[in-house]
Structures are given as structure tokens and as C-alpha cells.
Amino acid sequence: MSQRENLERIQTQPKLYVSLQCSEPFEAKNKIYMEKSKVLVVGGTGYIGRRIVKASLALGHTTYVLQRREIGLDIEKLQMLLSFKEQGAQLVEGSFFGVQIPFLSPSFISFLQGRRLKGRIPIPFFDHQSLVDAVKLVDVVICTMSGVHFRSHNILMQLKLVEAIKEAGNIKRFLPSEFGTDPSRMDKALEPGKVSFDEKMTVRKAIEEAKIPFTYVSANCFGGYFAGNLAQRGTLVPPRDKVAIYGDGKTKVIYLDEDDIATYTIKTLDDPRTLNKTLYLRPPENILTQLQLVEKWEKLLGKKLQKFSISAKDFLASMKVMDFTEQVGVGHFYHIFYEGCLSNFEIGEEGKEASALYPEVRYTHMDAYLKRYL
Ligand SMILES: NC(=O)c1ccc[n+]([C@@H]2O[C@H](COP(=O)([O-])OP(=O)(O)OC[C@H]3O[C@@H](n4cnc5c(N)ncnc54)[C@H](OP(=O)(O)O)[C@@H]3O)[C@@H](O)[C@H]2O)c1
């Protein structure tokens with residue numbers, strides 16, 4: 001049974017599955033049952049966020065999704081949020097924006113806040129409180145805030161969420177928006193792309209200073225960004241004739257199906273083994289060199305591609321004529337495909353590997369992933 005079929009089966013039998021999944025055990029009729037944590041997803045309509053919402057529901061968690069007030073007339077987002085609700089999620093209103101009104105007394109603020117919660121009057125200036133209220137509903141917060149420069153990049157916006165979690169004081173686990181290269185290993189990364197890692201480290205520092213329990217998910221390469229295009233820059237579809245190879249094409253890279261990232265992320269929420277650790281996603285069959293990935297596509301296509309190699313020097317030199325966003329991308333590609341930053345270290349005490357912890361997850365291999373591009 002494929003992992004997707006398995007998830008579908010789980011979705012149709014939520015009660016059975018809930019009884020098999022655990023966090024805090026209790027005895028009933030000689031069986032151990034465990035209650036699952038309640039989850040709030042912030043950034044739930046995003047590229048990885050929507051999959052995390054889906055996986056959270058599929059794995060039986062009570063799932064809340066933040067509905068940001070500032071989405072305004074964005075009909076696509078609203079429709080997606082409504083579809084989450086249809087699938088069993090609960091929407092909770094909140095906002096990252098707002099004006100502080102320091103001269104209002106705390107008692108008057110809480111009076112107005114209570115009125116707002118009853119849905120009688122919208123008060124746009126209590127945004128921090130709206131995040132605190134949302135956080136208080138759950139045990140776990142997962143943030144999937146945007147962090148890709150050519151789309152949208154708001155990683156530091158999470159500092160507001162950290163403040164809210166700190167004030168709420170009830171959160172058992174916070175998973176900030178990471179889902180990529182481990183930023184703690186990238187202090188020597190190239191400028192200007194280093195900013196991505198620096199900002200994620202700023203968020204980590206705030207989390208750890210506030211003593212918020214955490215798990216950082218190092219998801220390596222999203223298939224859609226790196227495998228579907230055979231890691232070619234400037235396109236999201238695979239080439240059918242010629243392919244650029246980075247150096248000798250033999251650096252080990254780690255590719256993940258985005259739905260698998262979401263499943264591993266949800267699996268870790270109630271797992272004490274990943275408390276205050278980094279969860280590295282390294283499913284062994286998906287640790288591939290670029291040449292191995294290309295070969296999989298060639299097999300599907302039934303033909304060989306013409307290959308041309310780009311040296312590290314030429315690759316870096318190409319940055320000179322690029323704008324900021326492209327330079328960020330080239331820096332990240334350089335670390336992944338020339339330096340091997342995803343695979344050139346052993347996981348130490350600070351981390352755990354996902355496929356070893358959760359061998360029951362039947363992750364998608366990259367030849368299956370690439371089939372959709374035929
Ligand atoms: N490893 C990889 O290959 C890879 C690839 C891509 C991304 N990533 C990482 O994955 C994480 C999520 O990225 P993504 O591509 O999924 O993000 P995304 O789709 O671009 O955006 C995610 C969400 O961020 C929220 N957001 C955007 N602008 C906001 C703002 N100004 N204020 C408040 N919220 C805002 C929105 O949430 P609402 O739902 O509330 O509107 C949006 O849906 C990032 O950390 C990124 O670096 C990794």
C-alpha cells in the first residue's frame with residue numbers, strides 16, 4: 001500500500017487510528033491509549049503549510065489553522081481555509097499586524113478582548129492578544145511562515161509568534177518555519193543567501209531564550225523545487241534534452257516528497273525523542289547524487305539527456321550579473337550541490353533521523369515523484 005493510500009485509509013478510519021497513536025498514555029480495557037496533542041498551524045495556506053494541515057488531520061490531531069485577518073480579499077486563501085474546515089480543521093482568527101495602544105488599562109483591554117472573542121466587535125489593535133488567544137487553544141504550534149526569497153520571505157515575523165507563545169505559557173512543542181538546510185551549520189554561508197540561515201537562527205535564539213520546547217525540522221530539498229526540475233535553475237519542470245550538471249554531479253543531496261515532510265513533521269509532535277532536537281529527514285532511498293536523479297528521469301523518459309558540467313568557479317561567477325533574489329538562490333544551490341551541506345555531516349546528539357524513528361512511513365521515492373512530470 002502506498003503512503004498516500006495509507007493516509008486515505010487513515011482518513012476514513014480516524015477513530016481507529018487515534019486509538020493507536022500516542023502521547024500521554026492511559027489504561028483502558030488492558031490497552032494503552034494516548035491522547036494526541038492539539039495543533040495550531042500558522043501559515044496553513046502556504047506551500048508546505050497546507051500539507052501539514054492535511055497530515056495533522058489525517059493523523060488524528062485536533063487541528064486549528066490561523067486565519068489571518070489581513071488576508072482581506074484573497075479569495076484563494078479564504079477558500080482553502082474553508083476547505084480545511086470542511087475536512088475537520090478549526091479556523092481561529094488572528095493577526096500579525098496591529099497597533100499597540102499603551103494608554104488603555106489592562107482591565108479595559110480584557111473587557112474589549114472578551115467582547116471581540118464573542119465575535120461582537122472586531123478590534124484591529126489587539127493583534128498580539130489574538131495570537132496569544134490562538135496559542136492558548138492548543139498544545140503544539142507549527143509555523144510554516146514563508147521563507148523563499150523569490151516568492152515571499154517573512155521569517156522574522158515569527159518573533160511575534162514566539163512572544164505570543166511565551167506569554168501564553170502552555171505550549172509543549174513549537175516547530176518554527178525551518179524545513180530546509182540546518183541553519184546552525186551555515187554560519188559560513190555565502191552572502192547574500194546567508195540571510196535565510198541567519199534569520200532562522202535569530203528565531204531559534206528567541207525560542208531558546210524563552211525556554212519554549214521545540215523541534216526543528218531539517219527537511220532538506222523539497223521535491224518540487226529541486227527534484228522535479230532535476231535541480232535546474234529558473235524552471236520547475238525537468239529538461240527533456242540537455243541538463244546542467246553541477247561539478248561532477250556526484251555530491252549527495254537529499255530529496256523529499258512534500259507530503260512526506262508533512263507526515264514526518266506531524267509524527268514528531270508527541271514524540272519525546274525529538275523534544276528540543278532537530279529532526280533530520282534523510283530517507284535512505286532519497287539520498288541521491290544529481291547524476292542518479294537524472295538517471296531516474298532518463299529511465300522514465302526512455303532516453304539519455306545531453307549533459308554539460310558547470311564548474312564551481314563558473315557557477316559562482318554567474319552571480320555577478322544577478323539580482324538579490326537570484327544571488328540568494330545561487331548561494332543555496334552552491335552549498336547543496338557543490339559543498340554537499342545536506343549530507344556532509346553525521347547527525348549527533350542534537351538530532352534524530354526521521355526515517356529511522358518512523359520506519360512505518362512509506363516515503364515516496366524520487367522515480368515515483370518524477371512520474372508526474374512525464
Ligand atoms: N527545503 C526546501 O526545499 C524548501 C523549499 C521551500 C520552502 N522551504 C521552507 O519552508 C518554509 C515555508 O515556506 P513555504 O514556501 O511553504 O512558504 P509560502 O508558501 O511562501 O508561505 C507560507 C505562509 O506564510 C504566511 N505569510 C506570508 N507572508 C506573510 C506575512 N507578511 N505575514 C504573515 N504571514 C505571512 C502565509 O500564511 P497564511 O496561510 O496565514 O496566509 C503563507 O501561506 C520556509 O521556512 C522555507 O524556507 C524549504
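Visitor: Which helices and strands each supply at least two residues of the shell around the ligand?
Guide: This is a predicted model, in which local features need pLDDT of at least 70 and side-chain atom pairs count only at pLDDT 80 or more, while totals for chains, interfaces and linings use all residues. Residues are numbered from 1 along each chain as its sequence is written. Helices (H or I, at least four residues) and strands (E, at least two) are DSSP runs, numbered from the N terminus. The elements that each give the shell at least two residues are β4 (63-68), β7 (147-148), β11 (221-222) and α9 (223-226).

Visitor: How many residues surround the ligand?
Guide: A residue is near a molecule if its C-beta atom, placed from the backbone, lies within 6 Å of it. The closest to the ligand are Thr45, Gly46, Ser146, Gly147 and Gly180. The number of residues surrounding the ligand is 30.

Visitor: How many residues of that shell are charged?
Guide: Ala, Val, Leu, Ile, Met, Phe, Trp, Tyr, Cys and Pro count as nonpolar, Asp, Glu, Lys and Arg as charged, and the others, Gly among them, as polar. The shell around the ligand has 14 nonpolar and 12 polar residues. The number of charged ones is 4.

Visitor: Is Leu230 buried or exposed?
Guide: Leu230 sits in the loop between α9 and β12 (242-246), and its phi is near 55°, a positive value in a residue other than glycine. A residue is buried if 20 or more other C-beta atoms, placed from the backbone, lie within 10 Å of its own, exposed if 12 or fewer, and partly exposed in between. Because Leu230 has 22 C-beta neighbours inside 10 Å, it counts as buried.

Visitor: Is Lys211 buried or exposed?
Guide: Lys211 lies in the loop between α8 and β10 (215-218), and here too phi is near 55°. Because Lys211 has 9 other C-beta atoms within 10 Å, it is exposed.

Visitor: Where is Pro192 found?
Guide: Most peptide bonds are trans. The one from Glu191 to Pro192 is cis, with omega near 0°. Pro192 is in the loop between β9 (173-175) and α8 (194-209).
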